Amino acid sequence: MTEQDAAPAAPDSRKVIYAAIVANLGIAAAKFTVAAVTGSAAMLAEGIHSAVDTGNELLLLVGEKIAARKPDARHPFGYGKAVYFWALIVALSVFSLGGGLSIVHGIHSLRAPEPLGDPFWNYVVLGVAFLFEGYSWNVSRRALNGKRKPGASLWQTVRASKDASTFTVFIEDSAALLGIVVAASGIWLGHLFDNPYIDPAASIAIGLLLVGAAFTLARETGALLLGESVGVEQTGKLKDLFRADPAIETVGQLMTMQLGPDDVLLTAAVRFKRGMRIDEVDLAIARLERAVEELDPAITRVYFEAAALRSACRSAIP
């Protein structure tokens, strides 16, 4: 069994989180102020959304900080999965605080809708919010594009990403941009038809949008938290790499598990060729480790099943 040094986490995810915090903090304050002045339920829902997003980004930073801890006796494989745990908490927060409160407030406002007020400041704040959210969204998009495979769509890149902080911010910001469009549409249609019920209905629509985003986040982060593999395609490449080595006779099952955004565990059930000396097996293992690292630097731990090593050792004994 062998273990390489764990690769340090890339700084891109923290850059994405900081950009999102700066955008959401100012936007939330502006939305709440205008919602109080105009009485818009959709604006209040948007303010709740931005405030929840700000808190969520802080939770992601907590996860990033814990994940950066070095392995110890209690956690010999490190703390990388802390990012996935806190991203799952973020998903629950989006569902309950963001989506739930927006829906409840919208339903409450439908029962006794506020009289329509001047929508000017609503449009101003929503326009500025769209620019700030767009900036944050673009930062996360660029980070995802940095790991985008040729021919893959942006959504496919999100699904394949193991960096929970980055894709969480991207999904949140995507929902935020759509929510702004829904809020602006609700306010505009309400004044166009002089109907005070359209604005609260927009608040409910924003809540449902956030619930959908929360389910998407929970599905993606939950799979990583349970121990997702690197994928069928990458596993196939690893098998080809092992088969091509002159010291390997047969390749059995290769199992991988994501321990963090840039930390993967690989266990290899292989059979070394009979008659190899112990020093030859050691050289073969070192060679395979280097080859695996070149293929995928995220694989920081490589373990060979004991049966393969015992077989090689027995055949080498005269």
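Analyst: A salt bridge is a side-chain nitrogen of Lys or Arg within 4 Å of a carboxyl oxygen of Asp or Glu. Keep that cut-off in mind for this predicted model.

User: What makes Lys-237 and Glu-233 a salt bridge?

Analyst: The N to O distance between their side chains is 3.8 Å. The cut-off is 4 Å, so the pair qualifies. Both residues lie in helix α8, 4 residues apart, about one turn of the helix. In general, an α-helix has 3.6 residues a turn, so residues three or four places apart point the same way.

User: Which residues are linked with Lys-237 in a network of salt bridges?

Analyst: Lys-149 and Glu-233 are linked with Lys-237 in that network. The structure holds 13 salt bridges.

User: Why is Lys-237 called partly exposed?

Analyst: Its relative accessible area is 39%. Buried means under 20% and exposed means over 50%. Lys-237 falls in between, so it is partly exposed.

User: How do you know that Glu-64 and Arg-14 form a salt bridge?

Analyst: Their closest N and O atoms are 4.0 Å apart. The definition asks for within 4 Å, so the pair counts. This pair links distant parts of the chain. Glu-64 is in helix α2 (residues 41-67), Arg-14 is in helix α1 (residues 12-38), and the two are 50 residues apart.

User: Is Glu-64 buried or exposed, and what decides it?

Analyst: Glu-64 has 7% relative accessibility. That is under 20%, so Glu-64 is buried.

User: What makes Lys-147 and Asp-262 a tie between separate parts of the sequence?

Analyst: Their side chains meet in a salt bridge, 3.8 Å from N to O. Lys-147 lies in the loop between α4 and α5 (154-160), and Asp-262 in the loop between β2 (248-260) and β3, so the pair ties together parts that are 115 residues apart in sequence. Lys-147 is at 52% relative accessibility, over 50%, and therefore exposed.

User: Why is Leu-266 called buried?

Analyst: Its relative accessibility is 0%, under the 20% limit, so it is buried. Leu-266 is found in strand β3 (residues 263-272). Beyond residues up to four places away in sequence, Leu-266 touches several others, including Leu-238, Phe-242, Val-292 and Tyr-303. Here touching means heavy atoms within 4.5 Å.

User: Where is Thr-168, and why does it count as buried?

Analyst: Thr-168 is in helix α6. Its relative accessible area is 0%, under 20%, so it is buried. Not counting residues up to four places away, Thr-168 touches Leu-60, Ala-87, Val-90, Leu-217 and Thr-221.

User: How do you know that Thr-235 counts as buried?

Analyst: Its 15% is under 20%, so it is buried. Thr-235 lies in helix α8 (residues 232-244). Leaving aside neighbours within four places, Thr-235 is in contact with Val-230, Leu-254 and Thr-256.

User: What makes Asn-122 buried?

Analyst: Its relative accessibility is 3%, under 20%, so Asn-122 is buried. Asn-122 lies in helix α4. Its C-alpha is separated by 9.5 Å from that of Val-37, 85 residues apart along the chain. Leaving aside neighbours within four places, its contacts include Val-34, Met-43 and Ile-187.

User: What makes Phe-120, Trp-121, Val-124, Val-128 and Phe-132 a patch?

Analyst: They form a nonpolar patch on the surface, with about 470 Å² of accessible area together. Patch residues need over 30% relative accessible area. Take Val-124, in helix α4 (residues 120-145). Its value is 31%, over 30%, so Val-124 passes. That value also counts as partly exposed.

User: What stands out about Asp-194, and why is it called exposed?

Analyst: Its phi is near 50°, a positive value in a residue other than glycine. Asp-194 is found in the loop between α6 (164-192) and α7 (198-226). At 61% relative accessibility it is over 50%, so it is exposed.

User: How do you know what span to expect for helix α3?

Analyst: Helix α3 (residues 82-111) has 30 residues, and 44 Å is expected at 1.5 Å a residue. The helix reaches 43 Å from its first C-alpha to its last, close to that figure. α3 bends by about 30° at Gly-100.

How values were computed. Residues are numbered from 1 along each chain as its sequence is written. This is a predicted model: local features need pLDDT of at least 70, side-chain atom pairs count only at pLDDT 80 or more; totals for chains, interfaces and linings use all residues. Side-chain values use heavy atoms; hydrogens and water are left out. Buried means under 20% relative accessible area, exposed over 50%, partly exposed in between (1.4 Å probe, protein chains only). Patches are made of residues with over 30% relative accessible area and no salt bridge: like charges are joined within 9 Å, nonpolar side chains (Val, Leu, Ile, Met, Phe, Trp, Tyr) within 5 Å. Accessible areas come from the Shrake-Rupley method with a 1.4 Å probe; for residues, only the protein chains shown count as cover. The expected span of a helix is 1.5 Å times one less than its number of residues. The bend at a residue is the angle between axes fitted to the seven residues ending there and the seven starting there.
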